[in-house]
Amino acid sequence: MTPDEKEEFDRRRRQRNIVVGLILAGFVVLFYMITIVQMSD
Amino acid sequence: MKTGGGAPETVRPFRIEIDNVTTTAAPIATQLPADWRVFFALTKPKVMRLVVFTALCGLLAAPGAIHPVIGFTAILCIALAAGGAGALNQWWEADIDAKMKRTARRPLPLGKLRREDARDFGMLLSGTSIVIMGLAVNWLSATVLAFSIFFYVVIYTMWLKPNTPQNIVIGGAAGAFPPLIGWIAVTNEITAMPLLLFAIIFMWTPPHFWALALWVKIDYAEAGIPMMPVARGETTTRRQILVYSALLLPLSVLPWWIGGTGAAYGLSAIALSGLFLALSVPVGLRTSVEGDTMRPEKRLFAYSILYLFALFGALVIDRVVFA
């Protein structure tokens, strides 16, 4: 793997990790809110 | 599973010789992870817009109340399911997509990710959406959601589409599920009104899609898909567009007729469906010539999208504003 390819590899992996992290954080917030709503019913 | 066609460039195997051992393997240098935007494109975002809109209309038009958080979750699940089904559709049809101009720029034909990654992504989205829908909303809507994914991926994509020119008629039901599911998310029961909303989209799909298929029929022919204009000919397709458009008019008014909506929806449905029929008449009665620009067909296709947005928008306005 050339330095350029390695850099591109790392960039894509970093971006994917950020997106997956944001989605997971979104689900944590959503499940928290769903739980609160269901407990209050 | 189908093979070929969508073989990704980035992981194309080549022969490596290491200590006299020859192996076939994907080169490490070209095993770049797919960009996240590629996965997003797999979900067919343009189609999802209409899915989310009609689901939201079903949810808002349904009698009763739903907590905004649960309502948001229901719409999110429907969107995730549509995205998952779209990804599975592209996984299965990668070789067909590569042969058609309209779909050749999709991620799999371009080799932007591995085919099995698209399959796994689609399965993950589909499974996640069903489980969350069941746990957070209700299990009836989750069951219908699961069936809609199965219907689109297995019954339409794998079975009907490559085998019968009626593929769009029956398979179109897959796109008719969102308002039904949105409605059930609120009521937890299936009644006449959501079934009518389902029937309206079911009846709308053939003229909408065949108007498009009339001008991309060469693509379908080359890909071996028995789309109506290819399998039964242009004249039959045009007549059937007219028949479905004529049936759509009374069907779209039926929710008003049975007392499920007010006059605001009913009069909008008459006007919108009347214009739909009026635009279908030139399409249904003409014959294309060599080098035809297909203006009436393109106009009908463009209006058909606006029609669905406007009709369901009228339904919500009727229920929310005039109720």
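Predicted model: local features only at pLDDT ≥ 70, side-chain atom pairs only at ≥ 80, totals over all residues.
Residues are numbered from 1 along each chain as its sequence is written, and chains are lettered from A in the order in which they are written. Local features need pLDDT of at least 70, side-chain atom pairs count only at pLDDT 80 or more, and totals for chains, interfaces and linings use all residues, while side-chain values use heavy atoms, without hydrogens and water.

The contact (heavy atoms within 4.5 Å) involves 17 residues from chain A and 21 residues from chain B. Together the chains bury about 1600 Å², 73% of it on carbon and sulfur atoms; buried area is the accessible area (1.4 Å probe) that two parts lose on being put together, summed over both. Of the area that chain A buries against chain B, 32% is supplied by R12(A), R16(A) and V37(A), more than by any other three residues. Between chain A and chain B, four residue pairs are in polar contact, both residues being at pLDDT 80 or more. A polar contact is a pair of N or O atoms within 3.5 Å; within protein, one must be able to donate a hydrogen and the other to accept it, and residues adjacent in sequence count only if both atoms are side-chain atoms.

Zero disulfides (cysteine sulfur atoms within 2.5 Å) are found over all chains. C57(B) is in no disulfide, and the nearest cysteine sulfur, that of C77(B), is 18 Å away, which is too far for a bond. Both cysteines are buried (under 20% relative accessible area, with exposed over 50% and partly exposed in between; 1.4 Å probe, protein chains only): the value is 4% for C57(B) and 1% for C77(B).

Side chains of opposite charge can pair when their charged atoms come close. Over all chains, the count comes to 15 salt bridges. One of them joins D10(A) to K6(A), with the closest N and O atoms 2.8 Å apart. D10(A) is partly exposed at 22% relative accessibility, as is K6(A) at 40%. In chain B, R114(B) and E116(B) meet in a salt bridge of 4.0 Å, N to O. Another links D292(B) with R286(B), the closest N and O atoms being 2.6 Å apart. Salt bridges that share partners join E234(B), R238(B), R286(B), D292(B) and E297(B) into one network.

Conventions. Salt bridge = Lys/Arg side-chain N within 4 Å of Asp/Glu carboxyl O.
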